[in-house]
Amino acid sequence: MTIDTAVRRTPLYEAHVEARARLVEYAGWSMPVYYSSILEETRAVRSNVGIFDISHMGRTRIAGTRAAAFLQKVTSNDVDSLASSEAQYSLLTNAAGGIVDDIIVYREGPDSFLVVINAGNTAKDLRRLREQSGSEVHIVDETDATAMVAVQGPRAAEVVGDLSDDVGVLSLRRFQFAHGTIAGSSATLCRTGYTGEDGFELIVPAANASEVWRSLTDAGAVPCGLGARDTLRIEAGYPL
């Protein structure tokens, strides 16, 4: 199919085209809705291991001496409860305490955080964060500089462990993360996901995304699209 050139492309766009994925516009991005079929991809995640391109989601680094206090103010969960290398599901709130978006906050250190936000809300969320941040908080949008891949399913840990130089990554518990390598690329390896299965979300430099994706598929991971993400979430009882 022909994709509007105004629609953004992830660093894995060519890999999707090569795999003959059915591409659709989603939240301003050209994204695969399926490769083989939604049912086959759903079964792959439940019984084996699937991978998803989630590079359309926003990745924002927030740092500075007031970063923790700032996030404590604008999110609904307790940022102060996070130790380094821990993450939490949270909500970005507006001035009245209403919900702007659901997010995941990753604490890298005392004054450094990574916030992952939904693709359709990236611009709105960044605007809200920057309006409230103040001069002692530094916000950098790293979405274009990086790619993000979800590896999900019963074999996810096996595949990630085999491709990572740091075997300690397998000792990570749910909602913990580490900086290391995957398929020879530097990476942030997060024990998070939104499919109801065990797995990881990998953040890598955009330039390395295709090689990482290829290494994962060579290891037996099945490429999966937006359709399977929705069916998996429905099965797990997660909000869409």
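**Figure 1. Aromatic pairing in the predicted model.** A search of the whole structure, which is a predicted model, finds 2 aromatic pairs. One of them is formed by Tyr-106 and Phe-177, whose ring centres lie 5.5 Å apart.

**Figure 2. The whole protein, for orientation.** The fold comprises 7 helices and 14 strands. The C-alpha trace spans about 45 × 40 × 35 Å along its principal axes. For 240 residues, a compact globule would have a radius of gyration near 18 Å, and the value of 17 Å for this protein therefore agrees with that expectation. Buried residues account for 50% of the 240 residues. Of the contacts between residues at least 6 apart in sequence, 60% join residues at least 24 apart.

**Figure 3. Surface and charged side chains.** The accessible surface of the protein comes to about 10,600 Å². Carbon and sulfur atoms contribute 50% of this surface. The protein carries 22 positive and 31 negative side chains. The centres of these two sets lie 4 Å apart.

**Figure 4. The loop that holds Arg-20.** Arg-20 is located between helix H1 (13-18) and strand E2 (22-26), in the loop that joins them. Most residues other than glycine have a negative phi. Arg-20, although not a glycine, has a positive phi of about 60°. Is this residue buried or exposed? Arg-20 is exposed, because its relative accessible area is 72% and the term applies to values over 50%.

**Figure 5. The loop that holds Phe-175.** Phe-175 lies in the loop between helix H5 (156-163) and strand E11. Phe-175 is another residue other than glycine with a positive phi, here near 65°. With a relative accessible area of 22%, Phe-175 is partly exposed.

**Figure 6. Helix H7 and the elements around it.** Helix H7 covers residues 226-236. Its buried residues are Leu-226, Gly-227, Ala-228, Arg-229, Leu-232 and Arg-233. In an α-helix there are 3.6 residues a turn, so residues three or four places apart point the same way. The buried residues of H7 pack against strand E2, strand E3 (29-34), helix H2 (38-47), strand E4 (50-53) and strand E14 (222-224). Gly-237 follows H7 and has a positive phi, near 75°.

**Figure 7. The surroundings of Ala-228.** Ala-228 is placed in helix H7. This alanine is buried, with a relative accessible area of 0%. Which residues does Ala-228 touch, not counting residues up to four places away in sequence? The contacts of Ala-228 are with Val-33, Ile-38, Glu-41, Thr-42 and Phe-52. Ala-44 and Ala-228 are 184 residues apart in sequence, while their C-alpha atoms are 9.6 Å apart in space.

Conventions
Residues are numbered from 1 along each chain as its sequence is written. This is a predicted model: local features need pLDDT of at least 70, side-chain atom pairs count only at pLDDT 80 or more; totals for chains, interfaces and linings use all residues. Side-chain values use heavy atoms; hydrogens and water are left out. Helices (H or I, at least four residues) and strands (E, at least two) are DSSP runs, numbered from the N terminus. The radius of gyration is taken over C-alpha atoms; the globule rule is 2.2 Å times the number of residues to the power 0.38. Buried means under 20% relative accessible area, exposed over 50%, partly exposed in between (1.4 Å probe, protein chains only). Contact means heavy atoms within 4.5 Å. Accessible areas come from the Shrake-Rupley method with a 1.4 Å probe; for residues, only the protein chains shown count as cover. Lys and Arg count as positive and Asp and Glu as negative; His and the chain ends are not counted. The place of a charge is taken as NZ of Lys, CZ of Arg, CG of Asp or CD of Glu. Rings of Phe, Tyr and Trp (its six-membered ring) pair if their centres lie within 6.5 Å; planes under 30 degrees apart count as stacked, over 60 as edge-to-face and the rest as tilted.
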